[in-house]
Structures are given as C-alpha cells and as structure tokens.
Amino acid sequence: MSPLPASSSPSPSPAPPPIPSSFSPSLSIFSSFLAFSSYKPPPSSSSRWERGSSGLSVAFLSPSFTRSTYSGILSAKVLSISDLPTSSLGTNALEEGVKLVTGGSGVDSYALLGVLDRNPTSAPDFDALSSKFSEGVSSLATLRHVSRTPTAWTNRRKPPSSASSSNSSYTVYEPQQGGFLGINQTPPRATFYNSPAFYFHVPTAKSSTLVVSIYDEDVMTKDVLLSSGYADLPSLLTASDRSSSKPVTCTIKMSSLPAPDANPSTVVGAAIGASLAGPAGAVAGGLLSRNLAQQQKPQGKVNLELRWIPIEDEDNIPVLASQNARSNPIANRTTATTSLDWAAMLDASGPPLYPDMELVAYVAHESGCVCTLYRSVINRTIAVAFRGTAAPTDLLVDAKIAQEAWVSGEDVGAAETRKTHSGFRESLESVSRRLKELVLAAADYEPESYTLLATGHSLGGALATLFVADVAEFGVDSGRGLPTTRKSEPWYQRLTSLLSARSSELGTSGKAPAPPRFRGVHLYSYGSPRVGNDAFCDRFDSLLESGAIGSAYRIVNGADVIARLPRTINGLVLGSVGYEHCGRTVLISPKEDKPACWIEGASDSETCPVKDGVLLTSPLRQGSLVGDVVDVLKSDAPKITDKIKTVIDGVSGRVGSVASVFEMAEIVGIDRRAAEREVAMLQSLADGTGLTHHFETEYYKALSRTVDGG
C-alpha cells in the first residue's frame, strides 16, 4: 500500500500541558468563539465540497489537512451524453404533452457522477454495480462524492444567441438523426458546452472507481433512472496521465439498468393492462412489461475530460486557490454576527491558547446537523464545534421531546436504561461516523497524543454533550455512528486505505484492536438544553469523576430559558425524572447587578440555580401542615382532636406572618428555592429575557464581564 503524502503541517512539539479540569475563563471565551463561528458556513459553490449520496457533505478548508487525507484531486468535466434512448417509459403522459407543447421530445438527460473507494466496507456497493440491474449512484451507501450536471432539455436544440460572445455554460440536445426504417440512425445526444469541472478528492487513484448514472428529469414526477456505468480510475488515467496532469478524454459506457421491479415501465404496463382487461389485464401487462425490461440493454455513453491533480498542486487551480485563501474564522476572528468585536475579547482574555489552530473541515447533513472541525498540531488539540438552531429543520429536531435508548438496542422501557432526547440523538447520528473518521485523520490516526475539545451553542451544545459521552466511554469508534448493541465494523475498516503503514498492523493479531482514545476529552457548551434522563446524566458524571472526561462545563447566560429545557416530567408528583443536566453549570450574567460568574462546585452556593431540584421535597416533614397532622394521627394521645386543632392554629399563625407566597409554599411542603426558580423562569418568558439571553449578543456581553472581572 502506498504511503500517505507527507503533511505540510508543523512538526508537533513535546506534549503540551493538558487542559485543566477547573473552569478556565480564557478557554471558555475561545470555545464560545468556536461555537458561534459554526453558524457561518463556507460558500456552497466551493469546489472543495465532498457531497455524499446519503445527504452528508464535507467542505475541506485546510490545504495541510487535505494533503494528509487525500493523494490527489480528480477533475472531471462531462462533455456529452451520447447513445441516449429516444424516450423513457417512465415518463408520464402529461410530461410528454408538456414536451410536445414546448417543442421537445426525447429524454431530458443529466448525469450523476461519483468516486467510490475500494475497501472492505464498499464491497456490497461494487457487487451491486457489477450486476445487470443497479440503482446507480444514488443507492451507493459508501459513495462520498456526488456531483450533478445540468439537465440537457430536449427543447433546446440550438446554442443561445449569446453563446458566441460569452463563456457561460449551456446545453444542446440533438435528436435522433438519419436512417430509413431504423437503419444507420444516429441516436440522440446531449452536449454540455463550457461546463465547469467537478473536483473529487481521491484517497488513492489505484483503488478508486468513477461511477456514472444517467437520468431523465421529469418535472411532474420523480426523475427516472435510465442506466449506470463505472470504470476504475487507472483504466481511464494511466500512471503517465496522472504524473503529467494533462487533460484526457475518455468514455464510460453504461452497463446496468434499474431493477425491473423499480422500472416505471412495469407500472405503466400494469396500468394499460388494467384499463383493457381489469385485474387480470393488470397482472398480464405488468408481467409482460417486466419481461421486456429484463431483455432491455443499457443505453448511453458519458464522454468526459479527466485530469489528475496532485494534492500539492491544488493551489495552482484558481477556484481551489481562492478557497485556500479564504479568510479563516480563527484568523479574522469574526462570527456570523459581524458587529461583535470577538477579536478584542479574545485578545483581552490572555495570550493565544492555540496560535496555529486552523479550521480544517465543515460537516453538514441535509437533516440540519452541522459541525466544524479544527486542529492545532503544535498543541495537539482537536476541536469540534456543533452549530445550534439555525434552520427550520433544526426546529423540528428541537421540538422532539420523546426519549430513546442512548445505546441503541437496549430496552427503552427499563428504568435503568440511559435515555436521550430522540431528536438530538438522530441529528448526531447523521454525521457521527464520518465526523469520527475526519477526527481520526486530523489527529494523524493517533488520538492518544491529542486532546479533544467539544463545544456548541444551543442545539449545538446538546450535540457536543452527546459526542463527548460517546468518545469518552467507547473511544473514537468510526466503525459505527452512535453506541449500539449490534455488532459494528472494526473502527479502522473504512480507513485502511488511509492508515498507510499502520494499516498492515491492524487486525493481524486475530483480534480487532479497541477503538483509540483521546489523551483528554473536554466539553464547554453554551445555552445547551438538557439531553438525557437521570441514568444518562449519572453515567456522564461518573465519567467526569473518573477522569475519562477531563472537564465538562455547561455555561448558561442569566435567564436563558433554552438551558432550562426540556422540563422535568411531572416533577410535582414524581420528583426529578425525564431530563436533567450533565456536567457542571457555570452561570454568567450580562447584568451589572449580578455576579459575573457562578461555578457549580466552586462558588459559595451549593445548589445549582439552573437545575429544577425536586419541587415537592417532603410534604410529610415536621413543620409542614400535612406532616404535623400525620404525626398527630400516628400518636396514641387520647385527645387527638385537640392536638390537631393546636397544629392548625400554629400553622394559621405562620400563615398570618408570611412575607411571600414562597413562605406559604413551604408550609405545604413545596421547596422554596425550587418554587422561586420556577417563578423566575416564567417571569423571564413574560418579559422576554428568557429568549434574548439565549442569543449570541447577550452571551458576548456576559462573557465580556468574566474577562473584566465582573
């Protein structure tokens, strides 16, 4: 196996001192900056995006990190699609009518392209591709790179009038030409003029395959897959081609069709049969169409211009170089709220903690989960910042309050089972495995010499908490997403092509090595909602006590109501069940009349002001009305009635002298401090501070006070 290209990152110095377990104001400010920076995405038009077929995308934003992960970039430009079918049986009658009205007929074609890496995990995908029937690019589970050409509409038969004076891209459809009675006919062709190149980051050229699928776009219904094909990269670009980096033209011939049961022609045949002969006709029509579909041969050829670009030469490509030169959030020290002077606050908090920290990747799933990955080679620190609520899909995640087992497969009905917010868990699951692969790559596949810092604001804080709980207990297990009782792949299996010399050592002893662990794991979250039940939080805190989690601070700004949700379920009756906090709370405040910082376990008060507590603490305790009456009833005194009257008179005297409703609550056994917190939360919602204190501007104000000393 060929070794990885040498990284251009600075050589690591001797191991730096670990992150302290005690709360660090300077680290808190730096972490909050990373958390709020995650709201600012890189340009969606960036060619450095790795767009997966499963809705997961990664933008690579560090040249040094890209060089340590990939050996080269495949530039692919689709020139044309030839040998197209004249029609698609999956196109409905209304669609055909639209084509006739607009002057078009045939197949409105486009192509999906992807690069598939050969490794043990991708074997099922290669088996599917090599069969006669395949669902193509969109069905490949391990395909990380997917790009789409524009659609060549059948009614566009000529170049636009501006084509001669412009470099803009356009398509031309050429219908079937010539021949008599089907003899010597030229099949339809779609040509793509001035089309931009797609850039695919490739781990190793020798083990990579270019996959192509041709579709017919249907504006009325679902697009129809026509055919698919693939070719190994070495057969398209020889070693000489790759070393010269010169463009090479080549053709990939389609070799598979969609499965007959998935072919729309089967449904069409059944519908026609039903209209002619009822149910029996439907069966006959469907079977006949299925038989015809099985006898079809794949049509279509995708003609390409390919070029291999060694990863060290990417700065010579203008569109890539512009991304390399794009301002790094660490460098310009700004977040999505550009009016806030984060640079000044970072400078005021002390010497730079991570002078070489760089943003290396941005990970996003179409469901809404987003995180950014940072690396400091000198300080041997990996930072992961999860984005908070920023899109409608995030609101759907937040709205789910049901719980599921933290370790998938465990009995969710058992009282001792660790349970977490189902929306938070599902969101993290969508990126977790790919994120851990990237984290391992950023740590040079030796996380034992690196420290992990996880952070996030709002929803991002909840996701950071779950991520820390996973890697602290189970290690960086990239063989799965989140914890499960089901058997998962060895953590290194999808990474063997990237692990270079280490890959030959893994798994050779007959027993798969345990997932690697970080030297230290730390969490600083901001305005994070609660993520799990008591059992989950107890386990999290035990990891904190044992040192598996070096530190975990949940920073809450003043009356931030999101940090007090989801609420404990039926607290008045059942006590503290449902949701609770993990780690230690740090309460900050933007108000000058409040302390700048309160730290759970280090400040004067023993009770966390953000936790619910148990609202009905002891209704039977001595001094409460119910408790004193029960004590009398338990006694053997002969004049119970007189004693009860005495108790009531005493309580009446206390009622007459109470100074607030909270003292009244204590008389019936309701914890005064818990009641005060509940009322304060309701008041914050009424006056708006509960929500405003959750936003970046208010956190910035409060954090500034911790720098100034309050």
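Okay, so let's start with two helices, H13, which covers residues 459–474, and H14, which covers residues 534–546. They pack with their axes 11 Å apart, at an angle of about 60°. That angle makes H13 oblique to H14. And keep in mind, everyone, that this is a predicted model.

If you look at how the two pass each other, the crossing of H13 over H14 is left-handed. So who's touching whom? On the H13 side you've got Thr 465, Leu 466, Val 468, Ala 469, Ala 472 and Glu 473. Over on H14, they meet Phe 536, Arg 539, Phe 540 and Leu 543. Sort that contact by class and you get seven nonpolar residues, one polar and two charged.

Right, now let's move to the sheet. This one is open, with four strands in the order S5-S4-S9-S10, and the pairing is antiparallel. Which strands sit at the edges? Those are S5, at 145–148, and S10, at 224–232, and each of them pairs on one side only. On average, neighbouring strands here are turned by 20° against each other, if you ignore direction.

Let's zoom in on S4 and S9. S4 is residues 109–117, S9 is residues 208–216, and nine bridges join this antiparallel pair.

Methods
Residues are numbered from 1 along each chain as its sequence is written. This is a predicted model: local features need pLDDT of at least 70, side-chain atom pairs count only at pLDDT 80 or more; totals for chains, interfaces and linings use all residues. Side-chain values use heavy atoms; hydrogens and water are left out. Axes are lines fitted to C-alpha atoms, for helices over the stretch in contact, and angles run from 0 to 180 degrees between N-to-C directions. Angles under 35 degrees count as roughly parallel, over 145 as roughly antiparallel, 65 to 115 as roughly perpendicular and the rest as oblique. A crossing is left-handed if the near helix is turned anticlockwise from the far one by less than a right angle, and right-handed if clockwise. Contact means heavy atoms within 4.5 Å. Ala, Val, Leu, Ile, Met, Phe, Trp, Tyr, Cys and Pro count as nonpolar, Asp, Glu, Lys and Arg as charged, and the others, Gly among them, as polar. Two strands pair if DSSP finds at least two bridges between them.
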